[in-house]
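Let's take a friendly walk through this model together. Keep the structure open beside you as you read.

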Amino acid sequence: MGASLSNLGENGSGSGGPGLGDIPESCVACVFLYLSPPEICNLARLNRSFRGAASSDAVWEAKLPSNYHHLLQLLSNSGVCESLSKKDIFAFLARPNPLDYGNKLVWVDRNAGRVCMSISAKGMGITGIDDRRYWNWVPTEESRFNVVAYLQQIWWFEVDGSVTFPFPPDIYTLSFRIHLGRFSRRLGRRISHFDDTHGWDIKPVRFELSTSDGQHASSKCFLDDTREADANGSYKRGCWIEYKVGEFLVNGSYPPTEVRFSMKQIDCTHSKGGLCVDSVLIMPSENRRGGTLK
């Protein structure tokens with residue numbers, strides 16, 4: 001049985017006829033153009049012809065972003081990637097690459113070859129962040145950046161930032177990743193604390209984004225649902241939630257698109273606290289809908 005399968009993969013059908021191993025490498029490469037990178041890597045195990053096609057520069061260049069040359073200049077030291085194959089370039093771009101002293105991470109989605117970005121809370125402007133009566137930096141493994149900003153209590157809540165980057169043409173979704181309550185680990189178990197959590201059910205938080213070519217989007221949301229907690233339980237507490245701000249369209253990489261974003265609750269009639277701010281995510285919109293986030 002094992003010998004028959006081996007013959008089918010490498011040389012023939014198992015009965016002396018043609019098999020997968022007889023398909024020309026160029027034909028296999030043409031098929032690979034329609035498959036995703038994980039599918040290509042899985043099929044490369046079948047035989048020599050498939051392995052050769054799975055290393056083809058033509059196959060992997062089709063999976064790379066249209067402006068991958070410029071991305072390499074931004075994300076790597078000069079000349080580091082000049083000798084790499086297109087497959088190795090894809091592998092380099094598919095891992096999180098730091099920008100702005102590590103406050104931003106850029107990567108290419110492994111399934112679709114589309115550019116994604118995450119911006120740390122340390123790369124944003126946060127009102128009162130230098131006053132420990134209001135904010136603290138909390139180390140955690142639950143963030144890509146290993147640290148989040150924790151709000152104890154404040155009256156004027158405002159977080160904003162911007163990024164200028166040569167995003168390839170696509171439709172992107174911008175979201176804030178936040179967590180209601182503070183968390184810790186005890187005896188290997190994750191525990192959430194809500195002693196400081198208050199004020200987020202009184203007035204909604206307003207999210208906004210704008211781009212350098214005049215696009216705008218906004219949304220509003222109550223971050224807490226204590227009014228419904230008695231009946232349904234508070235599903236917003238104790239877990240990370242990505243709050244969608246909106247979408248923006250990029251038609252070309254040049255000039256680079258500037259994106260400005262903010263999250264505000266500046267009604268000073270009440271205080272609010274007990275909130276972790278991790279990052280802003282900029283992802284291709286279909287990736288968000290399809291659940292293929294990194």
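Which residues does Phe261 touch, not counting residues up to four places away in sequence? Phe261 touches Ile119, Met124, Val159, Asp160, Gly161, Ser162, Val163, Leu174, Phe176, Glu208, Leu209 and Val280. Please bear in mind that this is a predicted model.

## The protein as a whole

The protein has nine helices and 15 strands. Of its 294 residues, 46% count as buried.

Among contacts between residues at least 6 apart in sequence, 67% join residues at least 24 apart.

## Strand β14 and its sheet

Phe261 has its place in strand β14, which covers residues 257-265. With a relative accessibility of 3%, Phe261 counts as buried because the cut-off for that class is under 20%. Val159 is one of the residues that Phe261 touches; the two are 102 residues apart along the chain, yet their C-alpha atoms are separated by 8.5 Å.

Thr257 also lies in β14 and is buried, at 8% relative accessible area. Leaving aside neighbours within four places in sequence, the contacts of Thr257 are Val163, Thr164, Phe165, Phe167, Thr211, Ser212, Val250 and Gly252.

How do the strands line up around β14? They form an open sheet of five strands in the order β4-β7-β14-β11-β12, with antiparallel pairing. At the edges are β4 (125-126) and β12 (216-221), each of which pairs on one side only. Strand β7 (residues 157-165) runs antiparallel to β14, and nine bridges join the two. As one example, Thr164 has Glu258 as its bridge partner in β14.

## Strand β3, covered on both faces

Six of its six residues are buried, so β3 is largely enclosed by the rest of the structure. Val115, Met117 and Ile119 are buried on one side, while Cys116, Ser118 and Ser120 are buried on the other.

Two pairings involve this strand. β2 and β3 pair in the antiparallel sense over five bridges, with Val108 and Val115 as bridge partners. These two strands form a hairpin with six residues between them, and Gly113 in the turn has a positive phi of about 70 degrees. β3 is also joined to strand β15 (residues 275-284) by four bridges, again running antiparallel. There, Ile119 has Val280 as its bridge partner in β15, and both Ile119 and Val280 are among the residues touched by Phe261.

The largest nonpolar core has 63 residues, of which Leu93, Phe176 and Ile282 touch the most other members. Not counting residues up to four places away in sequence, Ile282 touches Val115, Cys116, Met117, Ile119, Val163, Phe167, Tyr172, Thr173, Leu174 and Phe248. Phe176 is also among the contacts of Phe261.

Which residues of helix α6 (residues 68-75) are buried? They are Tyr68, Leu71, Leu72 and Leu75. Seen down the axis of α6, these buried residues fall within an arc of 100 degrees, so they line one face of the helix. The background is simple: an α-helix has 3.6 residues a turn, so residues three or four places apart point the same way. The cover over the buried residues of α6 includes α5 (57-61), α7 (86-94), β1 (97-99), β2, β3 and β7.

## Salt bridges, buried and partly exposed

The structure holds 11 salt bridges. In one of them, the side chains of Arg114 and Asp170 meet at 2.7 Å, N to O. Arg114 is buried, at 17% relative accessible area, and Asp170 is buried at 16%.

Other pairs have partly exposed partners. Glu258 and Arg260 meet in a salt bridge of 3.2 Å, N to O; Glu258 is partly exposed at 26% relative accessibility, and Arg260 is partly exposed at 32%. Glu247 and Lys244 form another, at 3.6 Å, N to O. Here Glu247 counts as partly exposed at 28%, as does Lys244 at 42%.

Terms used:
Residues numbered from 1 in each chain as written. Predicted model: local features only at pLDDT ≥ 70, side-chain atom pairs only at ≥ 80, totals over all residues. Heavy atoms only, no water. Buried < 20%, exposed > 50% of the residue type's maximum accessible area, 1.4 Å probe, protein only. Contact = heavy atoms within 4.5 Å. Pairing = 2+ DSSP bridges. Salt bridge = Lys/Arg side-chain N within 4 Å of Asp/Glu carboxyl O. Core = buried A, V, L, I, M, F, W, Y, C linked by side-chain atoms within 4.5 Å. Arc of directions from axis to C-beta.
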